[in-house]
Amino acid sequence: MTTRPLTEFEKTWSPGVSRAARWFAVVNNQPLGKRYMLTAFVFFTIGGVLALLMRVQLTVPENNLIDPHVFNQLFTMHGSTMMFLFAVPFLEGLTLYILPMMIGSRDVAFPRLTAFSYWTYLFGGILFYSSFLFGTVPDAGWFAYTPLSGPRYSGLGVDFWLLGLSLVEIAGITAGVEIVVTILKLRAPGMTISRMPLFVWALLVTGVMILFAFTTLLVATVLLEMDRSIGTRFFDSAAGGNSLLWQHLFWFFGHPEVYIMFLPATGIVSMIVPTFAQRPIAAYTLVAVAMMLIGFLSFGLWVHHMFTTGLPPMAMSFFTAASLMIGIASGAQVFAWIGTLWGAKPIFKTALLFVFGFIFIFVFGGITGVMIAVVPFDLQVHDTYFIVAHFHYVLIGGVVFPVFAGLHYWLPKITGRMLSETLGQWSFWLMFIGFNAAFFPMHIMGFLGMPRRVYTYPKSLGLTEENVIATIGSFVLGIGFLVFAGNWLRSLRRGERASENPWHAHSLEWSTESPPPNFTFGTPPIVTSREPLWTKTEVPAPQNENVLRAQKALSNAPERWRATLATDPLKAEPHAIQYLAGPSYQPFLAALGFLTAFIGVLVKGYLVAALGMIFAAGAIAVWLSPGKRWLQYVASSPASTESGLPVHPNDRRSTAWWAMLCVYAIGITCFGALFFSYFYIRLFSASWPQNGIAVPELQLPLLSYGLLLASAGTFYWATRAFWAGKKKRTQIVLAGSFVLGASFIALEILQFSQLEFSPRTNAYGSLFYVISWTLDLFVLTGLAMIGAMQLRMLNFFENRIGFTGLQMRITAMFWYFTVIAAVAVFAVLYISPRLFA
Amino acid sequence: MKAPQIRTAIALMTATLLCGCGGEHFQSVLHPASPEAGEISRLWWFMLAVCGTVFVIVIALLIVAIGRRGNRKPQAPGGDAKFVLIGGMLIPGIILFVLLIYSISAKVVLTGDERNLTIQVIGHQWWWEVRYPNQDIVIANEIYIPVGEPVRLQLKSADVIHSFWVPNLHGKMDMLPEHINTFWIRADKPGVYRGQCAEFCGAQHAWMAFEVVALSTNDFQQWVSERRKLAVEQVASAERKFSHEVYMRVGCGQCHAIKGTSAVAQIGPDLTHFGSRRTIGAGLMTNNTETLTRWILAPQKMKPGNLMPHTKLTDEELQELVAYLTSLK
């Protein structure tokens with residue numbers, strides 16, 4: 001089949017022309033999704049080995065096999081690996097691979113961002129694990145409570161942890177933007193919001209959650225790293241900081257994180273159950289609503305990890321109530337699956353077996369979850385093996401089992417080969433029995449007084465039998481994983497070839513070849529129901545002429561540039577042709593720049609760090625500047641005229657406009673987390689500003705912030721001139737905005753030089769400076785965007801309704817956001833200390 | 001009861017706890033020795049009954065769903081939406097509401113008043129400093145309390161976050177570096193209850209244990225006056241003066257205080273009453289001359305990573321030290 005020469009269209013979609021390009025410049029979602037999943041599985045294997053080492057040490061009481069320091073490193077790395085390097089990245093990889101196929105798109109919305117996300121994830125993971133080479137492995141636990149993780153009580157290992165993690169967080173946030181925009185903008189015509197597969201619903205909720213949760217974690221890790229590297233005092237109680245602030249920030253991320261892993265997993269289950277029951281999911285709407293409810297509630301639960309810190313009981317009851325509501329939303333999903341299976345005589349394939357295992361284990365873990373949301377009970381079992389048991393029931397039962405179900409379900413699509421059912425069933429039963437043997441006894445250990453994170457326990461606690469059983473179980477579980485890996489490797493060579501739709505499934509990914517072509521769909525599919533493959537033979541609703549026209553125009557076309565259909569977020573009516581970038585080295589280089597910068601911070605070589613950031617910024621600038629060749633291809637292509645759809649709309653029809661909304665969410669979270677920290681620390685301070693520092697003077701800030709505010713006005717003036725087609729005036733007025741913004745930065749520097757305190761003085765000083773710096777960073781980014789806009793107008797002013805207009809729109813959206821953020825920062829830093837003094 | 005008798009009584013209680021009927025449940029959530037722990041334990045059994053039933057019903061439904069004869073057009077009983085709405089949301093909602101009410105009304109918050117005993121407990125990496133401010137007693141890794149009355153604990157940390165937990169008496173309360181958490185406990189009956197740090201605090205988190213010794217009111221008063229009397233008397237004799245010189249010369253005094261002597265450093269545990277201490281190394285081993293000798297010789301081998309350095313000693317110095325420390329009751 002490879003004898004036929006590739007068509008121009010196929011060449012356009014090929015991952016890369018040279019070997020190097022296929023490795024480092026690839027932007028296609030399929031190879032990157034596979035790489036993401038494979039990398040995550042490597043980390044999963046390492047994390048599993050670390051767990052087995054811990055189980056060996058804990059088999060018998062008062063065991064001296066593993067040194068306490070090493071044991072602490074083992075559980076820190078195990079937890080961090082499973083949470084940050086396996087679960088979320090694996091699901092992101094699966095999403096990148098399967099999501100476009102499921103919604104009928106050719107790729108994700110921002111292909112180069114996919115590549116950037118993968119590289120930062122890989123580099124973050126490698127940075128994390130390189131700590132082993134230097135013998136300074138992180139050892140402060142996966143949630144790194146301050147002050148244990150602060151500069152006084154821990155070594156370089158925690159820096160590896162924080163910096164590696166920050167890279168992985170950046171990867172996560174970019175994947176979040178990617179997922180949200182792809183779902184909202186690239187669904188096949190006719191796939192209205194109420195026809196989206198439930199996996200897509202789950203991912204939409206997850207994507208939005210990632211934006212808020214991961215950004216909060218990023219802020220927290222940056223604050224802690226600054227405490228450790230440049231001597232700020234956020235978490236230092238000796239200088240007005242607060243160690244509980246870390247817990248608030250961490251769990252504001254950490255609790256949603258559980259659902260960021262769990263929701264996609266339930267989405268997988270909601271795809272598999274209908275397939276094997278051969279009927280649509282029961283109560284589709286309720287399941288979708290339940291997922292949104294879980295996503296929303298999960299941000300109101302963080303305190304339930306802090307019941308023993310001495311908070312007021314009334315506040316804690318609120319968090320109990322919110323936690324219990326999650327139980328209702330989860331109940332709806334479980335009953336939807338049971339209802340779907342009711343009397344449907346499901347086909348017992350391995351994938352469904354894993355789903356049954358999931359329901360059994362997850363319901364169990366959910367129920368213990370309800371118990372620990374009850375404050376008095378949690379006071380006892382908090383931080384004991386009961387909790388270890390509970391969250392492994394939730395995370396292995398609720399995430400790993402669905403992931404394995406998903407692998408048995410989708411691997412034939414991905415590799416084009418069927419897995420062996422016999423080996424599949426063996427791996428299931430080994431995993432199921434091994435899992436329960438490993439983790440059920442841990443509930444009892446918790447009751448009988450075994451705290452978490454101990455490298456050993458006294459014989460007198462009488463926990464030997466339970467621990468022996470747990471260790472045996474964990475090895476059986478490990479063997480189950482190995483059987484799966486063997487099954488997968490065997491299938492690659494000897495597996496039966498998979499047809500397009502081996503399970504007679506319902507969703508669009510099963511309508512393309514197995515494995516799919518690089519462009520996924522030659523002809524963009526059109527959807528008329530929730531289960532498009534089951535209702536295909538039915539007479540389609542009278543098709544909108546525009547839809548058929550768009551489909552025809554994009555059928556194996558355009559030939560020389562990559563494109564897919566962009567549709568309306570709710571009604572999924574086609575309203576643009578989305579240009580998608582081809583192979584590029586820039587994402588790899590940008591990620592490399594970030595890695596260099598982070599290594600610079602790690603070794604306290606700030607010059608290296610600065611050079612790394614400059615290199616990354618350069619790569620991003622090249623990445624964002626228009627490729628003239630592509631522009632010509634687009635301009636000369638008949639796609640736009642044939643379909644009657646614009647290629648570069650400059651309004652909310654464009655993916656970039658929606659990505660800007662995601663940037664807003666990230667920015668709001670970023671400032672929100674900083675303002676929360678500011679007022680939280682103020683709440684626990686005897687005086688404010690701390691230690692008799694005077695409230696900052698108003699004159700200079702009034703001037704600098706006033707200038708920044710004025711720049712929004714001039715910017716508005718510039719956009720008016722721009723849309724009116726007045727090139728010269730636009731250039732001059734925009735230059736005015738630039739000067740105003742630049743003078744803000746200059747005046748900030750002047751003001752900092754006059755202040756009597758530094759970021760190291762106390763927590764107030766740290767907050768004041770870091771909040772100001774964050775704003776400055778936004779202003780500098782905005783200035784760079786204005787500069788880029790000026791350059792763009794020199795050559796492409798005529799393309800006002802096309803991509804130049806889009807750039808103007810994006811720059812404006814960013815600048816206005818920055819100015820509004822500046823008003824908020826001014827209110828917090830300069831006005832609030834004068835109020836309620 | 002006199003001091004030796006108290007010791008015998010405690011030894012007997014320990015023996016009962018360790019090997020007597022009921023087995024080794026001196027650090028167990030399910031063997032409460034106070035009204036509060038009892039309430040939590042009851043709450044657990046109640047939740048187990050309710051949630052266990054729910055679990056069994058859900059799994060039974062799943063099995064029935066799979067096993068049912070195929071319908072031509074499969075549908076959940078009563079229709080899909082109704083099945084999910086009632087079975088998956090309404091019924092769980094009612095059950096969870098009942099749980100919420102029960103949990104809020106559970107009487108687990110204990111308080112007392114000014115007349116009750118106050119004890120300051122300060123967490124260190126990896127031991128517990130225990131101070132009786134009104135009785136002027138400082139001990140470590142064990143807390144003596146009178147039975148049947150609330151005791152006010154003022155919990156604080158000297159370094160990283162620790163968590164105070166004696167499961168037979170109550171739940172946990174964290175010990176923070178920035179402020180004091182007040183926590184009340186009480187014990188119903190005399191006994192020894194083991195406690196352990198529950199918040200990961202570094203290398204030797206596993207061996208940061210302590211014991212709560214609950215004595216009858218009289219025995220407790222006796223214990224207090226005994227300690228106060230001994231603290232003054234036991235350092236006076238000439239023989240001890242010589243031992244103390246050894247203690248200071250080999251460096252013990254740089255970290256450990258002994259009341260009434262020139263050893264005033266506050267870095268390690270106060271050793272004024274070391275001879276009456278039940279364990280060494282925060283619950284690591286029982287305190288006797290043999291274990292003490294091993295401990296002084298190789299603290300890093302006994303409890304790797306702890307902050308006590310290796311000390312160079314001659315055999316005579318070692319014997320002198322062991323004898324001195326065990327004599328400090």
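Tutor: Let's start with Pro558(A), which sits in the loop between helix H16 (545–553) and strand E1 (562–567) of chain A. Keep in mind that this is a predicted model.

Chain A has another cis bond to show you: the one from Thr146(A) to Pro147(A), with omega near 0°. Pro147(A) also belongs to a loop, this time between helix H5 (111–129) and helix H6 (156–185) of chain A.

Now for phi. Glu62(A) isn't a glycine, yet its phi is positive, at about 50°. You'll find Glu62(A) in the loop between helix H3 (29–58) and helix H4 (68–103) of chain A. Is Glu62(A) buried or exposed? Glu62(A) counts as exposed because it has 12 C-beta neighbours inside 10 Å, and the cut-off for exposed is 12 or fewer.

Hop over to chain B and look at Asp136(B), another non-glycine with a positive phi, about 60° here. Asp136(B) is placed in the loop between strand E2 (127–132) and strand E3 (137–140) of chain B. With 12 other C-beta atoms within 10 Å, Asp136(B) is exposed.

For some background on that chain, chain B has eight helices and twelve strands, and buried residues make up 42% of its 329 residues. Its C-alpha trace spans about 100 × 40 × 40 Å along the principal axes.

Notes: Residues numbered from 1 in each chain as written. Chains lettered and ligands numbered in written order. Predicted model: local features only at pLDDT ≥ 70, side-chain atom pairs only at ≥ 80, totals over all residues. Helix = DSSP H or I, 4+ residues; strand = E, 2+ residues; numbered from the N terminus. Buried ≥ 20, exposed ≤ 12 C-beta atoms within 10 Å, placed from the backbone.
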